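Student: Could you show me how to read helix packing and a buried side chain from a set of coordinates?
Tutor: Gladly; let's look at the model together.

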Amino acid sequence: MDEQSPAMGLVHLLRAVTVEFDLLGARFAARHGLHPTDVRALIHLLDAARVGTRATPGWLGEQLRLNSAGTTALVDRLERLGLVRRSRDTTDRRRVLLDVEEKATELGWSFFGPVIGEVVAAVDGFEAGELETVRRFLTSVLESAGRAHSP
C-alpha cells in the first residue's frame with residue numbers, strides 16, 4: 001500500500017485519534033481505580049441505555065468478548081464500586097438487567113465532558129453533508145473493525 005495515499009493518511013489519523021481516546025480512558029480508569037475493561041463495560045452499558053437495549057451480563061460479556069466468569073467478576077467489581085446496579089427483568093424474573101448508576105455518569109461527565117464539548121464545537125464547523133460523509137466513513141470503519149473480530 002502507498003503510505004502517502006489519502007486513504008492511508010486517514011488510517012493514520014484515525015489511529016492517532018484512537019490512541020488519544022485510549023489514553024484518556026486509561027487516565028480516567030487510573031484516577032478512579034478502574035481497569036480499562038471496566039471503562040469499556042461502562043461505555044457499552046451507556047450506549048445500550050441510549051438506544052434502548054436492555055443489557056444483561058451475557059450481552060455485556062459478548063460485547064467485551066469475556067467468558068461468563070470474567071463477566072461476573074467485572075459486574076461484581078462495578079457493582080461494589082457503586083457504578084452499576086443489577087436488577088431483575090420485570091417481564092422475565094429469571095433475567096438480570098444491568099443499569100449504570102448516576103455516580104458513574106457523573107464521574108464520566110466530570111472527566112470527559114470538556115473533551116466532548118470540544119468535539120461538539122468542532123462538529124459545529126461542518127455542514128450537514130460533510131457530517132453525513134464523516135458518519136458514513138466512521139460507520140464503515142467500525143463495521144470493518146467488527147469483521148476483524150469475527151471468526
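**Reading contacts and packing**

Tutor: This is a predicted model. Let's start with a helix pair: Phe-21, Leu-24, Gly-25, Arg-27, Phe-28 and Arg-31 in helix 1 meet Leu-107, Gly-108, Phe-111, Phe-112, Val-115 and Val-119 in helix 5. Sorted by class, this contact has 8 nonpolar, 2 polar and 2 charged residues.

Student: How are helix 1 and helix 5 oriented to each other, roughly parallel or roughly antiparallel?

Tutor: Look at the angle between N-to-C directions, where values over 145 degrees count as roughly antiparallel. Helix 1 (residues 6–31) and helix 5 (residues 102–123) pack at about 160°, their axes 10 Å apart. Helix 1 and helix 5 are therefore roughly antiparallel. The crossing of helix 1 past helix 5 is right-handed.

Student: At what angle do helix 3 and helix 4 pack?

Tutor: Helix 3 (residues 57–64) packs against helix 4 (residues 68–80) at about 110°, with the axes 9 Å apart. That makes the two helices roughly perpendicular. On the helix 3 side, Pro-57, Leu-60, Gly-61 and Leu-64 take part, meeting Thr-71, Leu-74 and Val-75 in helix 4. By class, this contact has 5 nonpolar, 2 polar and no charged residues.

Student: Is Asp-89 buried or exposed?

Tutor: Buried means under 20% relative accessible area. Asp-89 has 0% relative accessibility, so this residue counts as buried. You'll find Asp-89 in the loop between strand 1 (84–88) and strand 2 (96–100).

Student: Which side chain makes a polar contact with the side chain of Asp-89?

Tutor: That is the side chain of Arg-54, at 3.1 Å. Leaving out residues up to four places away in sequence, Asp-89 touches Arg-54, Arg-95 and Leu-97.

Key: Residues numbered from 1 in each chain as written. Predicted model: local features only at pLDDT ≥ 70, side-chain atom pairs only at ≥ 80, totals over all residues. Heavy atoms only, no water. Axes fitted to C-alpha atoms, helices over the stretch in contact; angles between N-to-C directions. Helix = DSSP H or I, 4+ residues; strand = E, 2+ residues; numbered from the N terminus. Parallel < 35°, antiparallel > 145°, perpendicular 65-115°, else oblique. Left-handed = near helix turned anticlockwise from the far one by under 90°. Contact = heavy atoms within 4.5 Å. Nonpolar A, V, L, I, M, F, W, Y, C, P; charged D, E, K, R; others polar. Buried < 20%, exposed > 50% of the residue type's maximum accessible area, 1.4 Å probe, protein only. Polar contact = N/O pair within 3.5 Å; in protein donor to acceptor, adjacent residues only side chain to side chain.
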